[in-house]
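These are my notebook entries on one structure, written down in the order in which I looked things up. I begin with the terms and then go from the whole chain to single residues.

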Amino acid sequence: MIQNVAVFARTAPEDKIRIVQAFQAQGEVVAMTGDGVNDAPALNAADVGVGMGSGTDVAKETSDIVLLDDNFATLVEAVKQGRRVYANIRKSIYAMLGCNFSALSIILLSMLLGWGAPVTAIQLLLIKVIADGIPGFSLCIEPAEKDIMKHDPIPSYKSIFANGLLGKIIEITIIFTILSMIPAYLELNSVNSSMTFLVLGFTTIIHIYNCRSRHSLFTVGLTTNSLVLKTTIFSTITLALIVITPFLGNIIGLYPINLTKWLMVIAISIMPFIYIELRKRYTHF
């Protein structure tokens, strides 16, 4: 009956539990709202029990969530915020794993090709902290996308890598690895690894903007998350200063580079951003 009946009236407590369990048997995630003592069993049986602030103590204690304002519209906002948090976790994973896997791939390939390590351990650590760690935190407060409530929910049995996230991570890892091998090759016979260091750092920073939304950055806007803008500017300036300033560079084995190499670093670093923007525009990415 649960598939064909829209409204059940004058239900007894045991009927409410049967309704909840019938939906659950169909693979649905069930939320139950109630405020009375007779609602408590169904509130407990549901995946999410929602009590009313003005309801009985039994109903509120049994519930997972209590609406203090007794307003059902608050549930919509709660779902929206839940989706935002889940989406931001996925964005953070996309940003973190894509860059980290590519860094490992670059080092592994360089060693297998006999090039030696393209960057030292301390240089890689600085990239992970300055370029990845600091801007990455700002993704946690990314505002909800305008169409977030129009998306189909991800079933609870699916992995957090569902809906193509794993494919995105693999794709961006390959792109980062290929591009970062260019400066590693150019610096093959040089004691200076500044180009490789900067490309690894700048691509990581710019990738944060790829991760912000499934929509183009030019649609989302640079200022909708001011913390991303501030942290990426800070990280970019910090990495550049490490290379430009002899005192800082000498500490970790980096040396200044000429204008031509700076232009090459910038060109290589923005290529993944351009690629992802084109993918967003012309394909479902």
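Entry 1, burial. I call a residue buried when its relative accessible area is under 20%, exposed when it is over 50%, and partly exposed in between, with a 1.4 Å probe and protein chains only. By that rule, 39% of the 285 residues of the chain count as buried. I note at once that this is a predicted model, in which local features need pLDDT of at least 70 and side-chain atom pairs count only at pLDDT 80 or more, while totals for chains, interfaces and linings use all residues. Residues are numbered from 1 along each chain as its sequence is written, and side-chain values use heavy atoms, with hydrogens and water left out.

I took helices (H or I, at least four residues) and strands (E, at least two) as DSSP runs numbered from the N terminus. The chain then has 11 helices and 3 strands, and from the N terminus on I read the order α-β-α-β-α-β-α-α-α-α-α-α-α-α. For the radius of gyration, taken over C-alpha atoms, I compared the chain with the globule rule of 2.2 Å times the number of residues to the power 0.38. The chain has 25 Å, whereas a compact globule of 285 residues would have a value near 19 Å. The C-alpha trace spans about 80 × 30 × 30 Å along its principal axes.

Contact here means heavy atoms within 4.5 Å. Among contacts between residues at least 6 apart in sequence, I find that 65% join residues at least 24 apart. With the Shrake-Rupley method and a 1.4 Å probe, where for residues only the protein chains shown count as cover, the accessible surface of the chain comes to about 15700 Å², and 66% of this belongs to carbon and sulfur atoms. For charges I counted Lys and Arg as positive and Asp and Glu as negative, leaving out His and the chain ends, and placed each charge at NZ of Lys, CZ of Arg, CG of Asp or CD of Glu. The mean positions of the 21 positive and 20 negative charges are 11 Å apart.

In soluble globular proteins, nonpolar side chains tend to be buried together. I define a nonpolar core as a set of buried Ala, Val, Leu, Ile, Met, Phe, Trp, Tyr and Cys residues joined through side-chain atoms within 4.5 Å. The largest one holds 44 residues, and Tyr94, Phe197, Leu198, Phe202, Leu239, Trp262 and Val265 touch the most other members. At least two of its residues come from each of H4 (73–112), H5 (121–137), H6 (165–186), H7 (194–211), H9 (226–244) and H11 (259–282). H7 gives the largest share, 10 residues. I then followed leucine 198, which, apart from neighbours within four places in sequence, is in contact with Leu239, Ala240, Val243, Ile257, Trp262, Val265 and Ser269. A second, separate core has 7 residues, among them Val20, Val30, Ala46 and Ala59.

Which of them is buried and which exposed? Asparagine 44, in helix H2 (residues 40–45), is exposed because its relative accessibility is 57%. Its C-alpha lies 9.0 Å from that of alanine 59, 15 residues away in sequence. Asparagine 210, in helix H7, has a relative accessible area of 2% and is therefore buried. Beyond its neighbours within four places in sequence, asparagine 210 is in contact with Tyr94, Pro272, Phe273, Ile276 and Lys280.

Not counting residues up to four places away in sequence, alanine 45 touches Ile17, Val20 and Gln24.

Most residues other than glycine have a negative phi. Arginine 10, however, has a positive phi near 50°; it sits in the segment before helix H1 (13–25) and is exposed at 87%. Aspartate 70 has a positive phi of about 55°, lies in the loop between strand E3 (65–67) and H4, and is partly exposed at 31%.
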